[in-house]
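Here is a short report on one protein model. Take a look at the sequence and structure first, then read on.

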Amino acid sequence: MNFSFLRTGAALLLPLTLISAIPTSPTQGPKPDPQVLAQFGLYNNPTLQRLIDTKGQQMNKVSDRPGNYGFTIVDSPVINAFATPDGHVYFTRGIMAHFNSEAQFAGVLGHELGHITAKHGQSQQRRSTAAGIGLLLGSIVAPRVMQSVGGLVQQGVGLGMLKYGRDDERESDQLGVKYSTKIGYDASHMADFFQTLQRNEQASGGGGMPGFLSSHPNSADRYATVKKLAAQAKQNAGRQQLTVGRETYLRMIDGLPYGEDPRQGYVERGVFYHPELKFQMPIPSGWKSQNSPSQFQMAEPNGKALVVLVPAGGNSLDEAAQGLAKAIGLQSANAQRATISGFPAVVMQGDQAAQQGQAGARVLAHVIQDGSNYYGIVGLTTAAAFQTYANTFSGVAQGFARLTDASKLNRTSEKIRIKSATGNQTLAQALSANGVPTNRHEELAILNGMQRTDRLTSGMLFKTVGK
């Protein structure tokens, strides 16, 4: 959660002016969707952004349907890539961390561009009945509360989190091979990356945020099919030398943040800490939580209640409270002044207006002022269940406090560190020599697209992680 760009304007309105600060040029295509950036955040790395711009536009020129397409890296640790129907491809920094060559990167880039040129997203969007549901909320909250909270949930990205069918995937794999080969890469490495995805999915149990394979179904023969397609494409390329680009890619991602960025908030032992904004807040026992750049959500495990922390923009506490009430459609709200952990606050209770045939929710909202920043802590449930959860909602807000613990304030993210093998050794031996504990060897083997027993030659580059 990063509220730095959301401190002014009406609460919960997505930052449509944010993108004006991002430079673009005719060769880079359109700017990214502000709603996507509000959901994931922009990853500001000129080297990697230049890579995805350059390769994306090269592919655009040789594609079956050249157009005004854009390519952006977003600041999410999730291993994912997706294309939106408006012609924009997004890679997460999480997927960038798991590529092990330019050829792998190019194969997946071609695959995503293939979804656009084959118009898979447009047909999928027409079929989708969930296009307005917030991606992050949708992954943790049961449908009954999602329907009841109406306008709040409808702030979602509208990607429909397009779930492609196997026929679409097969066609995009073919196009990924075709486009990446046309711009000079060995597409067989795209197949190797699908194995990395499969191993990561198995290691994580498929839980948490939706990853690449949850929206791009994997088939049993995918690896063999892509290898066969790549071999045919290589034969058709004749004497053209196809590139892998392993070392150049690894050097580009040296220093890339790996995993969650604690500066933008993290959960530990039932408490949400935000070092950047210097506050902490409790999470109800057993509840699920999800952080994003624009909000932090907590959900009762069976989806019966929801608490969302959002920015409440305004120039005064009263203005922030009024803006929040309007943004979430509170009707006849009772409001009163309060003090929470020394912070001025307004407490509001009321019913959210029903929208588009959906039932409204009963709301207990707290607006807290910290200097020029205003935070809304919004508890929502059905009217029938309100008395059951009112004390929980209040307890979360009353637990909002200044973060002063230096050990919590000074957390930093791990980063990809590129090392050179010092001799003929296994990957496991090389990881141990660089201080990686044994219980993380399999995780790092997946990150390297290797097995722990694979042997490295002297001088060979490989990934570790560290501060």
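Glu169 and Arg222 are both buried. This comes from a predicted model. The two side chains meet in a salt bridge, with 2.9 Å from N to O. The partners come from distant parts of the chain. Glu169 sits in helix α8 (residues 166-182), while Arg222 belongs to helix α11 (residues 222-236). They are 53 residues apart.

Why can such pairs form? Side chains of opposite charge can pair when their charged atoms come close. The structure holds 18 salt bridges. Three of them, including the one above, are listed here.

| Salt bridge | Closest N to O distance |
|---|---|
| Arg199 and Glu442 | 3.1 Å |
| Asp370 and Arg402 | 2.8 Å |

**Helix to helix**

Take Arg199 and Glu442, which form a salt bridge. Arg199 lies in helix α9 (residues 188-204) and Glu442 in helix α17, so this pair ties together parts that are 243 residues apart in sequence. Is Arg199 buried or exposed? Arg199 has a relative accessible area of 18%, so it counts as buried, the cut-off being under 20%. Glu442 reaches 28% relative accessibility and is therefore partly exposed.

**Strand to strand**

Now turn to Asp370 and Arg402, another salt bridge. Asp370 is in strand β13 (residues 362-370) and Arg402 in strand β15 (residues 401-402), so the bridge ties together parts 32 residues apart in sequence. Asp370 is buried, because its relative accessible area is 14%. Arg402 is partly exposed, because its value is 35%. Salt bridges can also share partners: Glu268, Asp405, Lys408 and Arg411 are joined in this way into one network.

**A sheet and its helix**

Which strands make up the open sheet, and in what order? The sheet has 3 strands, ordered β4-β16-β19, and their pairing is antiparallel. Strands β4 (257-258) and β19 (461-466) are the edges, each pairing on one side only. Tyr258 stands opposite Glu414 in β16. Helix α17 (residues 441-448) packs on this sheet and touches β4, β16 and β19. The direction of α17 makes about 130° with that of β19. Helix α17 also holds Glu442, the salt-bridge partner of Arg199 in helix α9.

Methods: Residues numbered from 1 in each chain as written. Predicted model: local features only at pLDDT ≥ 70, side-chain atom pairs only at ≥ 80, totals over all residues. Heavy atoms only, no water. Pairing = 2+ DSSP bridges. Helix = DSSP H or I, 4+ residues; strand = E, 2+ residues; numbered from the N terminus. Contact = heavy atoms within 4.5 Å. Axes fitted to C-alpha atoms, helices over the stretch in contact; angles between N-to-C directions. Salt bridge = Lys/Arg side-chain N within 4 Å of Asp/Glu carboxyl O. Buried < 20%, exposed > 50% of the residue type's maximum accessible area, 1.4 Å probe, protein only.
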